[in-house]
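Please look over the strands and the helix in the model below. The report takes them by element.

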Amino acid sequence: MKEADPPPRRTPIGIADRLKDLSNWLAEGEAAASEGYLTSSNSVGHRSSRGWFGQVMPGSWAPNVDSDGVDGKIEGVAAIRAHDPAFDENVFLAQVQRLFFAVLEAWTALKPALSQGVMASLIWEQQKGQVTDYSQRGWRNVLDKLSFSSAVIAGALSTLDFDTVTVRINAASADYDVDATGTVIRGDTNPWDWTEDWIFQRPATLLTGQPGTITSQSCPNCGAAVNVDITSICPFCDAAVISGKFGWLLTRIDRI
């Protein structure tokens, strides 16, 4: 009887390899900019102004029920719970809903600092870059009548390096740009339905904090005392106050 092959050995990854992976990840993200991630093939005539889409972490991928099936999604959630029993889908989705509005507020208000604590570096730098470009032109994007219709976990995965969750968000809004005089220069002023997959990732070593925990701390900008949970905006100076309790970062957005 043939002896079973030994399990593959994990080769140590040096700092040079990690830097190479990160460089490739950044290059892939920039190259994907021309592929129109935020162009909806299901919404003829509608195109989002947003040019920030991000990319998943090096060596990882975005799980999706379309390719993995419902069983794959269930297994992924179970794998996350196996090392993090406190992970709760409903609590997670409630946090995502609040994060959704915070990220889009940072974009439409031209204040990228508001979303820095909940976005991975690549997608945040892309958002910040487009905000800078709009500010210099005197433009602003308007998501009039923005509404959050629903969200479901559309994929989940736990590997040695990362936990990854894909959240399928159904929303509606108008989407148009205005210049410094408030004149519409592009886009659609009529609200329309759209769907996006928001991919969240965290190191696989992190665990879920206590649900509903709110901490009191001082605004790093003006020193005012504020209560924060996932991300909060100081009511006195509009600076972002990040608690870091969410643990997950938005790494990529795909328009469905």
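Predicted model: local features only at pLDDT ≥ 70, side-chain atom pairs only at ≥ 80, totals over all residues.

Residues are numbered from 1 along each chain as its sequence is written, and side-chain values use heavy atoms, with hydrogens and water left out.

S3 and S4 (residues 184-203) pair in the antiparallel sense over 16 bridges. Strands are DSSP runs of E, at least two residues, and helices are runs of H or I, at least four, numbered from the N terminus. Two strands pair if DSSP finds at least two bridges between them. Five residues separate S3 and S4 in a hairpin. In that turn, Gly-182 has a positive phi of about 90°.

## Other partners of S3

S2 (residues 147-158) also pairs with S3, antiparallel, over ten bridges. Ala-156 stands opposite Val-165 in S3. Three residues lie between S2 and S3 in their hairpin.

S1 (residues 140-142) pairs with S3 in the antiparallel sense over three bridges. Here Val-142 faces Tyr-176 as its opposite residue in S3.

## Burial of S3

Why is S3 largely enclosed by the rest of the structure? Of its 17 residues (162-178), 16 are buried, so the strand is largely enclosed. Buried means under 20% relative accessible area, exposed over 50%, partly exposed in between (1.4 Å probe, protein chains only).

## Helix H4

The buried residues of H4 (residues 121-137) include Leu-122, Trp-124 and Tyr-134. Just after H4, Gly-138 takes a positive phi of about 80°.
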